[in-house]
Amino acid sequence: MLHLFQFPCNAKPAKRPITEDSIRPNSLHFVWNHGGIPIIDKEYYSFQLDGLVASPQSCTLVDLKDEFRFPRIEKTVAMQCSGTRHIEQILKHPGQGEEVPKAPWGEAAIGCAQYVGISLKKPMKACDAFVDGAKHLKFYGADIYLKDNKPMNYVGSTCRAPTANPLRIMVFGYISARCLKWLYKIKAIKTPSRATAQSQGYL
Ligand SMILES: Nc1nc2c(c(=O)[nH]1)N[C@H]1C(S)=C(S)[C@@H](COP(=O)(O)O)O[C@H]1N2
Ligand SMILES: [Mo]
């Protein structure tokens, strides 16, 4: 892989990948991070579902891996960063842009892979019902990055119909900026999140 940035790790295949197979091997799938890669202790990891729901829930990784409660599903998903070909934007508007302002991304920020996970509908069901006009889900990543020198978590939101693997949410049909990694919390909210990666960077 060619590292456009060593930190935060932003990497693309050094050569144009062979396109015979629509699935990109994991070792050649693009990587786009805004901050560090959090160290998550499986023993202590727990995942929250709260906000505008009747009964907020917390699950551990052991709960989420219980295939009896949460049957696994498999999907082939193509992800595309809305910042692919970002270099053209940087050349036209230097100084403007999102959180990884100088990463010279060309057209490589696209990748198709097979994901195995669980549907978010299942753990959400345990919350009973959405209340008070909950229309969106807000996702919180455990990683921290700096935006204008302020430390923050990577956060985003979507309308509430996604399917998820709790450590990585795959929201089908959305830009990959909403497919949060290292997810530790989902909150039901009324309107789209005001987090910078949602309301500015990848609006
Ligand atoms: N927690 C977290 N989730 C994140 C990001 C991030 O920096 N932190 N980057 C987003 C962006 S902009 C993209 S394009 C994809 C990249 O996913 P990948 O590294 O698996 O290709 O993850 C998204 N989810
Ligand atoms: Mo992205």
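This is a predicted model: local features need pLDDT of at least 70, side-chain atom pairs count only at pLDDT 80 or more; totals for chains, interfaces and linings use all residues.
The secondary structure of the chain consists of four helices and 12 strands. The radius of gyration is 17 Å, close to the 17 Å that the globule rule gives for 203 residues, so the chain is as compact as a globular protein of that length. Along the principal axes, the C-alpha atoms occupy a box of roughly 50 × 40 × 30 Å. Of the contacts with a separation of 6 or more, 68% are between residues 24 or more positions apart.

Of the 203 residues, 43% are buried. The accessible surface amounts to about 11800 Å², and carbon and sulfur atoms contribute 54% of this area. The side chains include 27 positive and 17 negative ones. The centres of these two sets are separated by 6 Å.

In soluble globular proteins, nonpolar side chains tend to be buried together. In the present model, the largest nonpolar core comprises 37 residues. Within this core, the residues with the most contacts are Phe-47, Phe-139, Ile-169 and Ile-186. Two or more core residues are supplied by each of the following elements: strand E4 (46-51), helix H1 (61-64), strand E6 (73-80), strand E8 (136-147), strand E11 (168-170) and strand E12 (183-189).

Two residues in loops were examined individually. Glu-20 is located in the loop that runs between strand E2 (10-12) and strand E3 (31-32). With a relative accessibility of 77%, above the 50% cut-off, Glu-20 is classed as exposed. The C-alpha atom of Glu-20 lies 48 Å from that of Ser-55, although the two residues are 35 residues apart in sequence.

Tyr-174 and Gln-80 are 94 residues apart along the chain, and their C-alpha atoms are separated by 8.7 Å.

Conventions
Residues are numbered from 1 along each chain as its sequence is written. Chains are lettered from A and ligands numbered from 1 in the order in which they are written. Side-chain values use heavy atoms; hydrogens and water are left out. The radius of gyration is taken over C-alpha atoms; the globule rule is 2.2 Å times the number of residues to the power 0.38. Buried means under 20% relative accessible area, exposed over 50%, partly exposed in between (1.4 Å probe, protein chains only). Contact means heavy atoms within 4.5 Å. Accessible areas come from the Shrake-Rupley method with a 1.4 Å probe; for residues, only the protein chains shown count as cover. Lys and Arg count as positive and Asp and Glu as negative; His and the chain ends are not counted. The place of a charge is taken as NZ of Lys, CZ of Arg, CG of Asp or CD of Glu. A nonpolar core is a set of buried Ala, Val, Leu, Ile, Met, Phe, Trp, Tyr and Cys residues joined through side-chain atoms within 4.5 Å.
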